[in-house]
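User: I would like to learn how to read a few features of a structure. Please give the general idea each time, then the case at hand.

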Amino acid sequence: MNAPQALVRWHDRGTSRIPFWAYTDPDLYQRELERLFYGAHWSYVGLAIEIPNTGDYKLSWLGERQVIMVRDRVAPKERATDPGIRVVENRCAHRGVRFCQPPMDGQTGNARSFVCPYHQWTYKLNGDLAGLPFKDGVKAEGPDGECVNGGMPADFDLSKNGLTKLRVAVLHGLVFATFSDEAEPFEQYIGPSVMPWLDRIFKGRELKLLGYNRQRIPGNWKLMMENIKDPYHPGLLHTWFVTFGLWRADQKSRMVMDEHGRHAVMISRRNPNAPSVADGGANKSVTEGVTSFKADMALHDTRLLDVVPEAWWTVDDPSNPGTTITPTVTMITLFPSLIIQQQVNSLSTRHIVPRGAGEFDFVWTHFGFADDTEEMTQRRLRQANLFGPAGFVSADDGEVIEFSQDGFKQWGEGGTTLVELGGRSDDVGQPPTEHMVTETLIRSMYAYWRKAMGE
């Protein structure tokens, strides 16, 4: 397939200037769906704890295609190797009906099988077609005696007319899926640079589901990926972060990417001197002239900053063997659809669901660990108030993404963003950046995006 005209128009071979039409062109967006969300990439579906029992299911999305994550029956002898989680498309093989309509909460349910309400085609939990009415016709009395009316053709094969089944990968309770038979094995897709940071949070731990937030943001889906790959904006945009020192430019930080530039981890350590900047207790250069910094801001409830270090924060440093590292923040972006957040004691996944070139849904799933004390669970929930649609921090991101999209549409055909902090190179294949005053992760993502889109 030839590259679309939009990509041909991107004459500059670099990625430090991104054309506005990359966020607004509807034809380009359709190609993104086919190449990225329906192509040879792994997309996030949900957490295994959301479907704990046989028959439990949850609706999710890959791009604009709705899928069902379901817990299937597994023989006892296969449980050691088969997690029992299947992902099938929510589209009847008969007449294309979106057949699964859950109970009132609109997201989850439990079923022994899936039955399309239109013509009652019935599917097993794994997507196999189990049966359909009138497959063998209807017996009737004819002029020559008993006959059979109707029925499917003699060569109709149940095994070839089931639901669309996706390949599934389950890592430490995180569930991913792909429509593609050509997508590389999942652990290879994540890569050795990013995998240790997933292991740090999830490996060997049973998760506990704490709740959800959902919002629809009027902006291109890539802008949220950019936002989380942009390490220095939190110290400028977010009053909470810069004032209370949860994320600020003087913190010791590291930017890690995979070998292709598509996935990344932003790693940082909270400034222990904050919020004493106004008194000279920390580096004033990171707040001078920053209008979001409020030296006199105080909390009515100081429990929002009741940060308790956890033993799992400290791990062997993947970049410096023989030493340890203790981040208080890690923000993991797994292209194209997932962000995993550890912000002090708050933990969540953030699922990006595109809804057109200029709109996407953003679904937050907050979680903790099964062995958390009740006190720690309450602490995670309180700190989660920083995030979500009305979070003290994240409300800012949704708003500026909308403002960005408005600016792109206003300009029309021309115009580019400027992504040159830290240079113009995409730095793919280079060692991690040991500070946050850079836009290298954004440039690297677009280097990969251009290749994946088929220039």
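User: Which residues form one aromatic cluster with W10?

Analyst: This is a predicted model, in which local features need pLDDT of at least 70, side-chain atom pairs count only at pLDDT 80 or more, and totals for chains, interfaces and linings use all residues. Residues are numbered from 1 along each chain as its sequence is written, and side-chain values use heavy atoms, with hydrogens and water left out. Rings of Phe, Tyr and Trp (its six-membered ring) pair if their centres lie within 6.5 Å; planes under 30 degrees apart count as stacked, over 60 as edge-to-face and the rest as tilted. Here W10 forms one cluster with W21, Y446 and W449.

User: How many aromatic pairs does the whole structure hold, and how are the rings of W10 and W449 placed?

Analyst: The search finds 23 aromatic pairs. The ring centres of W10 and W449 are 5.9 Å apart and the planes meet at 45 degrees, so this pair is tilted. W10 is in the loop between α1 (5–8) and β1 (17–19), while W449 is in helix α10 (residues 440–452), 439 residues apart. Helices (H or I, at least four residues) and strands (E, at least two) are DSSP runs, numbered from the N terminus.

User: Are W10 and W449 buried or exposed?

Analyst: Buried means under 20% relative accessible area, exposed over 50%, and partly exposed in between (1.4 Å probe, protein chains only). Both W10 and W449 are buried.

User: What kind of pair do F20 and W411 make?

Analyst: Their planes stand at 85 degrees with the centres 6.1 Å apart, so the pair is edge-to-face. F20 lies in the loop between β1 and α2 (26–37) and W411 in helix α9 (residues 394–411), so parts 391 residues apart in sequence are tied together. F20 is buried at 13% relative accessible area, whereas W411 is exposed at 57%.

User: Which ring does the charged end of R65 sit over?

Analyst: A charge sits over a ring if NZ of Lys or CZ of Arg is within 6 Å of the ring centre and within 35 degrees of the ring normal. The charged end of R65 sits over the ring of Y38, 4.9 Å from its centre. For R205 the ring is that of F369, at 5.6 Å.

User: What is the strand order in the open sheet of 3 strands?

Analyst: Two strands pair if DSSP finds at least two bridges between them. The order is β2-β13-β12, with antiparallel pairing. β2 (43–47) and β12 (167–171) are at the edges with a single partner strand each, so one side of each has no neighbour in the sheet. Between β12 and β13 (residues 174–178) there are 5 bridges; V168 has A177 as its bridge partner in β13.
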